[in-house]
Amino acid sequence: MPSPFPFSAVVGSDDMALALTLTAVSPAVGGVLVRGEKGTAKSTMVRALARVLPPIEVIAGDRFSSDPAERDPLSPDGPFPADAPVETRPVRLVELPVGATEDRVLGSLHLEKALAEGVTVYEPGLLARAHRGILYVDEVNLLHDHLVDLLLDAAAMGRSTVERDGVSVEHAARFVLVGTMNPEEGELRPQLLDRFGLTVEVAAPRDPRTRVEVVKRRLAYEADPDGFAARFAGAEQELTRRIRTARELLGRVVLGDAALLKIAEVCAAFEVDGMRADLVTARAAAAHAAWHGRDAVTREDIRAAARLSLPHRRRRNPFDAPGIDEDLLDEILGDELPPDPPPPSGPEPSDPPPGQDEGPADEETWTPLDAHQSSEPDAGPTEPGENGEESAENPSATDPADPDSGAAGFSVVSPGTPYRSRMFRVSGTGTGEAGRRSPALTRTGRRIGARRPGEGAGQVHLLETFRAAAPHQRARGRRGSGLLVRGEDLRIAVTQGRESNLVLFCVDASGSMAARRRMAQVKTAIVSLLLDAYQRRDKVGLVTFRQTSAEVVLPPTSSVDVAAARLAELPAGGRTPLAEGLLAAAEVLRRERLRDPRRRPLLVVVTDGRATAGPDPVARSRRAARWLADTGVAALVVDCETGRFRMGLARRLSGELRAEYVPLGEVAADELTTAVRERIA
């Protein structure tokens with residue numbers, strides 16, 4: 001087996017190397033989250049970290065890596081005698097796959113022994129294997145919610161508890177959590193994000209000489225892995241020695257009152273939530289001092305720790321970009337730390353060392369291509385105004401005073417503060433990936449029945465398996481306590497939970513949306529719906545239409561941050577090609593259905609219902625809506641029409657689409673409650 005890529009050979013990731021090193025010196029820092037684009041050696045460096053960590057001592061034969069120096073280790077294989085044999089082994093790097101099952105993470109009943117011998121034996125999972133080691137999750141932002149919950153519980157408690165399938169087990173699970181992610185593929189849940197002590201942003205180097213060195217080292221490694229590793233063997237051994245020395249020094253590092261006060265000032269100035277930021281910064285500063293051989297925390301230690309511990313904690317909402325103002329940080333820190341005040345007279349208990357605490361048919365045949373057969377690029381009438389004087393029978397009548405006419409320019413407005421939106425679901429029961437929106441048959445959730453295993457993977461339903469095998473025991477010649485089970489007896493649990501969906505926004509960006517500050521309200525509503533999609537682990541996409549065409553601004557993605565950024569930059573102006581917008585959305589849904597057939601879509605059309613671009617725009621948009629409805633897609637129409645006199649065109653469009661209709665003012669959950677109360681009264 002070829003040697004892995006050396007930790008000290010990675011070029012251009014100084015912050016990442018420092019964060020991983022500080023966590024290795026003081027595991028109490030709480031792990032590292034590495035964010036960055038593809039091809040930036042994130043996984044390479046994490047996998048190389050384990051090989052430079054000093055080896056650990058464990059009780060021989062214990063499957064849970066108990067520390068022999070611990071007085072009463074929490075291990076199902078215990079208790080252990082005082083003279084239990086001890087062995088030394090390398091630190092484990094345990095990788096948690098994004099698609100891992102709950103049984104694989106927590107552990108479960110040993111089925112073979114349970115069925116063949118009639119005994120209950122616990123088979124440890126990945127959390128047990130990662131105890132006193134590194135738990136690495138690549139693409140951690142794509143981790144299923146139920147696995148995130150398991151990690152949160154274990155990280156908070158330092159132990160894992162299993163209560164299932166007749167097994168009741170508790171074991172220690174203290175590990176360094178390291179995750180890597182590409183932000184373009186979606187963000188992390190805030191609860192898990194806060195559990196990472198440190199975070200770093202990595203990007204490909206822009207200096208040509210550095211890029212050349214990266215390529216040369218990679219090519220040299222691929223040509224001769226063992227020889228390349230031998231070149232850096234001395235540097236790797238020196239790293240191991242420094243980490244061991246820093247660990248020994250860590251308990252003697254002085255974290256004085258002046259340093260603690262400065263840490264508190266920094267955290268308060270950056271308006272972080274809670275006290276975890278203060279604790280992590282203090283522990284990381286002490287680890288940084290120990291790494292550099294100092295026995296007291298200095299200004300530089302606090303600065304280095306704050307740069308790594310605060311960026312992901314100062315986000316006020318999921319769409320804020322992580323980061324820290326280093327000029328403000330330097331201003332708060334000042335030049336040097338003030339001296340600590342003299343200690344009060346009389347004995348006082350010493351503090352623990354840092355890091356150790358806690359539709360109707362048309363008359364003619366129509367196809368979607370008809371919507372694009374206009375010979376004139378801008379043949380339709382201009383957008384109507386907002387004065388309510390136009391007729392509902394002629395919604396595309398020209399209003400020369402409209403700010404949306406061809407002579408008008410385009411405007412860009414920013415969304416307001418997002419609010420809690422209503423919950424919109426896809427009707428029926430799906431079979432998509434686990435999420436938090438629509439009902440679905442998922443791998444986790446409430447058990448509602450059992451099935452044979454030929455229909456896909458799942459958890460074994462022991463009770464139903466035993467029931468299927470029980471009537472055949474005499475015919476199979478059963479002897480003894482073991483239950484004779486054959487393949488045809490196996491039953492898989494059918495569980496019902498919730499799935500994530502594809503939420504595709506089809507947004508009217510024409511001039512009528514720019515009137516009366518309407519676009520700001522529309523963007524705020526969409527950002528609120530994006531926030532809801534973020535919390536429910538949905539994929540999102542964005543199609544806009546204005547002038548004479550539609551544009552796929554953002555193909556379906558798990559990154560709602562990118563969607564929010566594209567939405568904020570969206571201009572408004574021009575006529576309304578409603579038919580083109582609907583057909584562009586239909587094409588996006590068609591392509592996505594081929595890529596991910598299990599993920600059910602929810603189309604959200606945000607418009608006032610007007611159609612003004614191209615020949616016969618109203619009839620064409622109605623035909624497009626009926627054709628889209630015939631595809632069976634679940635849809636929602638958000639009516640953006642405002643003013644005292646309304647034509648109800650968006651409501652008519654919702655009927656053509658067979659979609660749910662919601663006025664813009666009722667997207668907010670609180671507004672819906674108020675509207676319902678008013679209607680009841």
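**Entry 1: β17 and its partners**

I started with the pairing of β17 and strand β18 (residues 549-557), which is antiparallel and runs over 6 bridges. I was working in a predicted model, so I kept that in mind throughout. Arg-546 faces Ser-549 of β18 across this pairing.

How many of the 8 residues of β17 are buried? I found 7 of them buried in strand β17 (residues 539-546), so the strand is largely enclosed by the rest of the structure.

**Entry 2: a three-stranded open sheet**

I then turned to the open sheet of 3 strands, and wrote down its order as β13-β15-β14, with antiparallel pairing. Which strands stand at the edges? They are β13 (434-442) and β14 (446-451); each has a single partner strand, so one side of each is left without a neighbour in the sheet. From one strand to the next, the twist averages 35 degrees.

I looked more closely at one pairing here. Strand β15 (residues 492-499) and β13 are joined in the antiparallel sense by 6 bridges. Thr-442 sits opposite Thr-495 of β15, a handy pair to click on.

**Entry 3: β10, covered on both faces**

Strand β10 (residues 176-181) was my next stop, and I found it mostly covered, with 6 of its 6 residues buried. In a regular strand, side chains alternate between the two faces of the sheet.

I looked up two parallel partners of β10. Strand β1 (residues 32-36) is joined to β10 by 4 bridges, and Arg-35 has Met-181 of β10 as its bridge partner. Strand β7 (residues 134-138) is joined to β10 by 5 bridges, again running parallel. There, Val-137 is partnered with Gly-179 of β10.

I looked for His-131 and found it in the loop between α5 (126-129) and β7. Is His-131 buried or exposed? It is buried: its relative accessible area is 2%, and the cut-off for buried is under 20%. I also listed what surrounds this histidine. Setting aside neighbours within four places in sequence, His-131 is in contact with Phe-64, Ser-65, Arg-89, Ala-172, Ala-173 and Arg-174.

**Entry 4: α14 and two helices that cross it**

I took α13 first. Helix α13 (residues 299-309) and helix α14 (residues 326-333) have axes that come within 11 Å and cross at roughly 150 degrees. The two helices, α13 and α14, are therefore roughly antiparallel to each other. The crossing of α13 past α14 is right-handed.

Which residues meet there? From α13 I noted Arg-299, Ile-302, Arg-303, Ala-306 and Arg-307; from α14, Glu-326, Leu-329, Asp-330 and Leu-333. Sorted by class, this contact of α13 with α14 has 4 nonpolar, no polar and 5 charged residues.

Then I checked α11. The axes of helix α11 (residues 257-269) and α14 come within 10 Å, crossing at roughly 145 degrees. This crossing, α11 past α14, is right-handed. Lys-262, Glu-265, Val-266 and Ala-269 of α11 make the contact with Leu-329, Ile-332 and Leu-333 of α14. By class, I counted 5 nonpolar, no polar and 2 charged residues in the contact of α11 with α14.

I finished on Arg-303, which belongs to helix α13. Its relative accessible area is 18%, and since buried means under 20%, Arg-303 counts as buried. Not counting residues up to four places away in sequence, Arg-303 touches Glu-326, Leu-329, Asp-330 and Leu-333. I also compared sequence and space for one of these: Arg-303 and Leu-333 are 30 residues apart in sequence, and 7.6 Å apart from C-alpha to C-alpha.

How values were computed: Residues are numbered from 1 along each chain as its sequence is written. This is a predicted model: local features need pLDDT of at least 70, side-chain atom pairs count only at pLDDT 80 or more; totals for chains, interfaces and linings use all residues. Side-chain values use heavy atoms; hydrogens and water are left out. Axes are lines fitted to C-alpha atoms, for helices over the stretch in contact, and angles run from 0 to 180 degrees between N-to-C directions. Angles under 35 degrees count as roughly parallel, over 145 as roughly antiparallel, 65 to 115 as roughly perpendicular and the rest as oblique. A crossing is left-handed if the near helix is turned anticlockwise from the far one by less than a right angle, and right-handed if clockwise. Contact means heavy atoms within 4.5 Å. Ala, Val, Leu, Ile, Met, Phe, Trp, Tyr, Cys and Pro count as nonpolar, Asp, Glu, Lys and Arg as charged, and the others, Gly among them, as polar. Two strands pair if DSSP finds at least two bridges between them. Buried means under 20% relative accessible area, exposed over 50%, partly exposed in between (1.4 Å probe, protein chains only).
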